[in-house]
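Let's take a walk through this protein together, from the whole chain down to single side chains. Please keep the sequence and the model open as you read.

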Amino acid sequence: MDSFNTSWEGGFILMGFSDWPQLGHVLFIFISVFYFLTIFGNSTIITVSRMDRRLQTPMYFFLNNLSFLDLCYTTSTVPQLLVNISGTDKTISYAGCMTQFFTVLLLGGTECVLLVVMAFDRYAAVCHPLLYTSIMHPLLCQALAISSWVGGLVISVTQTVLIMTIPLCGHHLNHFFCDMLVLLKLACEDTGAIEDNLFVAGIIMLACPVALILGTYAHIGHAVLKIKSMAGRRKALGTCGSHLVVVFLFYGSAMYTYLQPVHGFSESEGKFVALFYTIVTPMLNPLIYTLRNKDVKGALWKVLGRGTDTG
């Protein structure tokens, strides 16, 4: 079979969930509702954090970055998916596919680094409370946020260039967006060496950050045990616990998907796992960070005009 560039110039056909046509209407409603909640929840966090001075701290600065990432990450795939489910045009151009692939990797890679940065912020707050404002200086916070984006950009550029060098046979992608593992399954040549490189990249992107985060939280846990006040312990565990839940949701689904051999990857199963980390997790993040956070809830009531400024 000829490679993609000579066999079909129109682009790719995203099969999406066409294997389950009976789920079309249910998925469209489900995804639309979750997408709306994602936009609303993350936009609310960004708006409230900017309007209330009490939330203009390093922790909420990084949370704003996470919310912005989730907004962009979901928007990079969900509108295309909704069009795919509701219409007959399931095509995406080669340029569009590579752009989507690049964008998803950029945002996902940035979030990998940002979650490590947020763990460091919690470490500074819990383990060195008296020096926290000195350590987490605004200039350092900005530098760490920029470093997260640069890290995601490096990962995205290298992986996109690597994928674009592979000759592809066929144009049917059994997914709802241009995902790395599905593209590799269309390769016309042996991809063993490339898969090895991608596995190493996956270790760097996923396993190493998780190890750093868990190591950081081991130090945090040791510091929390030294806090004599139960109120102080609950406050420390509250903010740290929210971050840990986000870490497990994000890295757990990503590691399950990408740290496995391409030949062992189930496209059908992968689509539903992808729904989780592209739609469900970004929607849950605002809830995780606000449900047990009195500062955010107080600021939200204040913005809505139903609370009083106690600060």
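A residue is called buried when its relative accessible area is under 20%, exposed when that area is over 50%, and partly exposed in between, using a 1.4 Å probe and protein chains only. What you are viewing is a predicted model, in which local features need pLDDT of at least 70 and side-chain atom pairs count only at pLDDT 80 or more, while totals for chains, interfaces and linings use all residues. Residues are numbered from 1 along each chain as its sequence is written, and side-chain values use heavy atoms, with hydrogens and water left out.

Now for the overall layout. The protein has twelve helices and three strands; these are DSSP runs numbered from the N terminus, with helices being H or I of at least four residues and strands E of at least two. The accessible surface comes to about 15200 Å², and carbon and sulfur atoms hold 68% of it; such areas are calculated by the Shrake-Rupley method with a 1.4 Å probe, and for residues only the protein chains shown count as cover. If we take contact to mean heavy atoms within 4.5 Å, then among contacts with a separation of 6 or more, 80% join residues 24 or more positions apart.

Next, turn to helix α7, residues 138-164. Its expected span is 1.5 Å times one less than its number of residues. For the 27 residues of α7 that gives 39 Å, in agreement with the 39 Å between its end C-alpha atoms. Buried residues of α7 include Cys141, Leu144, Gly152 and Ile163. The buried residues of this helix pack against α3 (58-75), α5 (94-127), α8 (180-184) and α9.

Helix α9, residues 192-225, deserves a look too. Its 34 residues reach 48 Å from first C-alpha to last, close to the expected 50 Å. Along the way, α9 bends by about 35 degrees at isoleucine 203, where the bend is the angle between axes fitted to the seven residues ending there and the seven starting there.

What about the aromatic rings? Rings of Phe, Tyr and Trp (its six-membered ring) pair if their centres lie within 6.5 Å, and planes under 30 degrees apart count as stacked, over 60 as edge-to-face and the rest as tilted. The whole structure holds eleven aromatic pairs. One of them is the tilted pair of phenylalanine 30 and phenylalanine 34, with 4.4 Å centre to centre and 35 degrees between the planes. These two are about one helical turn apart, because they sit four residues apart in helix α2 (residues 24-51). Phenylalanine 30 is partly exposed at 32%, whereas phenylalanine 34 is buried at 17%. Phenylalanine 36 and phenylalanine 40 make a stacked pair, 6.2 Å centre to centre with 15 degrees between the planes. They too lie four residues apart in α2, and both phenylalanine 36, at 54%, and phenylalanine 40, at 53%, are exposed.

Elsewhere, ring pairs join Phe17, Phe176, Phe177 and Phe272 into a cluster. Lysine 271 lies over the face of phenylalanine 17, 5.8 Å from the ring centre; a charge sits over a ring if NZ of Lys or CZ of Arg is within 6 Å of the ring centre and within 35 degrees of the ring normal.

Let's finish back in helix α2, where isoleucine 45 is found. Isoleucine 45 is buried, with a relative accessible area of 5%. Leaving aside neighbours within four places in sequence, isoleucine 45 is in contact with Leu63, Asn64, Ser67, Pro286 and Thr290.
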